[in-house]
Amino acid sequence: MSKVTVSQLAEVLGVSVDKLIIQMGKAGIEVGSGEDAVSNDDKKNLLAHLRSTHGKSESDATAPRKVTLKRKSISELRIQGSGPRASTKTVNVEFRKRRTYVKREALQEAEQNDPEREKVQKALEEAQERREAEEQLRERATEKARVEAEETARQTAEEQARKAEEEKLQQEAEERVREETVKRAAEEEERKQEEARAQKLAEEQRRRKKERAKSKPTTRYGRAELHVAGGATVSRRRKPTRRVSSSSRPTEHGFSKPTEPVVREVLIPETITVSELAKSMAIKSGEVIKVLMNMGMMVTINQPLDQDTATLVVEELGHVATNAEEKDIELELLAEEPVPEGEGIMRSPVVTVMGHVDHGKTSLLDYIKASKVADSEAGGITQHVGAYHVNTPKGSVTFLDTPGHAAFTAMRARGAKATDIVVLVVAADDGVMPQTKEAIQHARAAGVTLIVAVNKIDIPDSDIDRVKSELAKEEVMPEDWGGEELFVPVSAKTGEGIDDLLEGILLQAELLELRADPARKARGMVIESSLDKGRGPMATVLVQDGTLKLGEMVLAGQEFGRVRAMFDESGAEIDAAGPSIPVVILGLSGVPFAGDEMQVVANERKAREAAGQRQDRHREGRLAQQQAANLQNLFDNMDTGEQLSVNLLIRADVQGSVEALKDALTKLSNDDVSVNVVASGVGAITGSDASLAQASGAIIIGFNVRADSSARKSIQENELDVHYYSVIYEAIDDIRAAITGLLGTETREKIVGLAQVKDVFRSSKLGAIAGCLVIEGHVKRANPIRVLRDNVVIFEGELESLRRFKDDVGEVKSGTECGIGVKMYNDVKPDDQIECFERIEVARTLD
């Protein structure tokens, strides 16, 4: 117990140390100075002395022995009266509480003086319990009355609302019936009046005609006399016809309700909204929405529909659908081009080099044009479409180098579309590979000539005959085997066979008679496009016909602009590019899509109009596709539950890489996980990209690009997930790993043992006991089992007992007899089989 000094106690009491020492001395407490300690007993003695000094005592009869506290509270309770128009009543409920406090000394004295204390105490406790019980009963009754009053009020309100709704609906129905009756009567009266007026007018016209036929007065010049109203002045200017005011006309309209369904011919443009389609059929929009819902589409009144869907809706409603011929600015652009005169001049062939990854396509071109393009590509594999114009001793050739790995299917298809001849490069040591077969399919689909270059013949284990036999299975037959395809053995490393390959290409070009007219306006195709930070949008264009000149207005897909600068494949600036020449142009309004057609137009107005029309079509098609995908996802989720999704935001240096990444990553989707590309584009990662990724929870992928300063700040503040890649395989592998992590685990069953039932024994305690022989694996008591009869599952459960002789065991191995008791099943028969299995969790994969 802690002690205090005299000085500390004096400070607490607010007296001087000397005075406190004198008082403590009078109380019989010996202290010498202010530093002496004072115990609790000393404090009590000092307090008793001071109280006695002031005339107070613990046993003072005048002191109160008990204190009684009373508390009263009033609350209001609202009760709904009975009847439809009853008002709410307010009831005041008063609660009274009383509590008595008694001195402990009085209780002790009462305990000593009162021999019947226990009886009194017990009576007090019983009275307290009764009061508490009564209080609880009152509270329950109050709560019950409140709940009943609320329920009664709610039921009354619902009944009144229901009756009011029924009365409103009945009044509306009666009003509609009255309106229809009045409308039909007005229509019938108007129709009769119109018929009477028409009949009267016809009779008047016949009468006037007869009168004119009887007498036709003529003028002195021999012409028929003009008939004018009496008193009117003949004038050269006809007086304006006086219009009848709407107030003088009858208020009833002359519309007659058709007796048969009206079949309308509906003109349907390429896209049309639901409201416009309903208006063209003179029906309500709700009817169109109802038909679309029956077709499995959830739409709104302002949602655009494509032409095919709108045609189905019109035919479903009994009308005739006709595709509207819209004003197409592109047809006008085609009509402006002059008809070519003559056959034109011979142009260089466009050759696309295709084949499997790492079969030597770029190395073959390097040797031909004496450059090292493959070394600049990440990972040594081509990831962009390269276009090169090469002047060889045999003649000039334009080469397109396409990627070989699986992610760039669209690039290979685009290269085959823009080419005249396809050179299929096949490694002599590898043979035909998956992308080789795909390149053959693209060449066949494009209908172009195919030349096979068997590369890497300088390797010791090369086998040209094996390549020929494998290609023959793909219907690519060599000339020396009686086929049509030219096979040329080459080596991109030593240069062997390169001259023969060029000679074969130029020979095929002469047979194809490739011609073009340099005097025409240029037309071509966008091979690749990108966004340069200093130059703006850049597009690699292959001129297919005509001559592209500096300063001309061009239209490329959805973009347009005037050619501000042109560069060849080496980076040198040029002023014009003829047929079969690849060039890089600057000055477009945006980055066009790879594969878009390019053409020179007369002026900026038509270019802007055509680009706007294409943008509108692309936007409407994308919206319709997104809506269809969202609705399909909605119905799929309704059937199969919620689907996990991985959102991606892709940025790359060129448009071809963007398309390849989108195509490769979206193919990773399956029934459980969906890969969604929320946005994609060309150029650096910007702050708006980071904001979009934060809002959609997307992973940012930068392919050969980096984030700018604002994007880096936003990424760091919001802790966004950003990944940079230069090889497409790494991006695909990382996203596949992320999706695999989302899939989680799945439970699989593994059969661990099989027992054959030889006989069945009955036990009064355990029921049916099957005498079995384990014929496969082992049987464990803790594992679940199935009972098979004629290889059909008739029961699935668990074991109740597993014994060897009279001993309980946990496991019985193959070739051992045992007794098995099946829990909750007694219909085991001889020759049945008991299958023991276990459930294990394994990680799910995309495969």
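Which residues is Q833 in contact with, leaving aside its neighbours within four places in sequence? The last of these close-ups gives the answer, and the views below lead up to it.

This is a predicted model, in which local features need pLDDT of at least 70 and side-chain atom pairs count only at pLDDT 80 or more, while totals for chains, interfaces and linings use all residues. Residues are numbered from 1 along each chain as its sequence is written, and side-chain values use heavy atoms, with hydrogens and water left out.

**View 1. The whole chain, for orientation.** The chain holds 19 helices and 37 strands; helices (H or I, at least four residues) and strands (E, at least two) are DSSP runs, numbered from the N terminus. Of its 847 residues, 35% are buried, meaning under 20% relative accessible area, with exposed meaning over 50% and partly exposed in between (1.4 Å probe, protein chains only). The accessible surface comes to about 52,800 Å², and carbon and sulfur atoms account for 49% of that (Shrake-Rupley method, 1.4 Å probe; for residues, only the protein chains shown count as cover).

View 2. The strands form an open sheet in the order 27-26-28-29, with parallel pairing; two strands pair if DSSP finds at least two bridges between them. Strand 27 (673-682) and strand 29 (722-725) are at the edges with a single partner strand each, so one side of each has no neighbour in the sheet. From one strand to the next, the twist averages 25°. Strand 28 (residues 699-703) pairs with strand 29 over four bridges in the parallel sense, and here you can find F703 opposite Y725.

**View 3. Two helices on that sheet.** Helix 16 (residues 655-666) packs on the sheet and touches strand 26 (644-652), strand 27 and strand 28, its direction making about 175° with that of strand 27. Contact means heavy atoms within 4.5 Å. Helix 17 (residues 687-696) lies across strand 26, strand 27 and strand 28, at about 175° to strand 26. Axes are lines fitted to C-alpha atoms, for helices over the stretch in contact, and angles run from 0 to 180 degrees between N-to-C directions.

**View 4. Helix 10 crossing helix 14.** The axes of helix 10 (residues 361-369) and helix 14 (residues 498-512) come within 11 Å and cross at roughly 90°. Helix 10 is therefore roughly perpendicular to helix 14 (65 to 115 degrees; under 35 is roughly parallel, over 145 roughly antiparallel, and the rest oblique). Look for L364, Y367 and I368 in helix 10, which meet I498, L501 and L502 in helix 14. This contact has six nonpolar, no polar and no charged residues; Ala, Val, Leu, Ile, Met, Phe, Trp, Tyr, Cys and Pro count as nonpolar, Asp, Glu, Lys and Arg as charged, and the others, Gly among them, as polar.

**View 5. Strand 25 and its antiparallel pairings.** Strand 25 (residues 597-600) pairs with strand 17 (residues 523-532) in the antiparallel sense over three bridges, and R523 has Q599 as its bridge partner. Strand 20 (residues 553-556) also pairs with strand 25 in the antiparallel sense, over three bridges, with V554 opposite V600.

**View 6. The surroundings of Q833.** Q833 sits in strand 37 (residues 833-843) and is buried, with a relative accessible area of 18%. Beyond its neighbours within four places in sequence, Q833 is in contact with L754, A755, Q756, I775, R786, V787, L788 and N791. Q833 and V787 are 46 residues apart in sequence, yet 5.9 Å apart in space, C-alpha to C-alpha.
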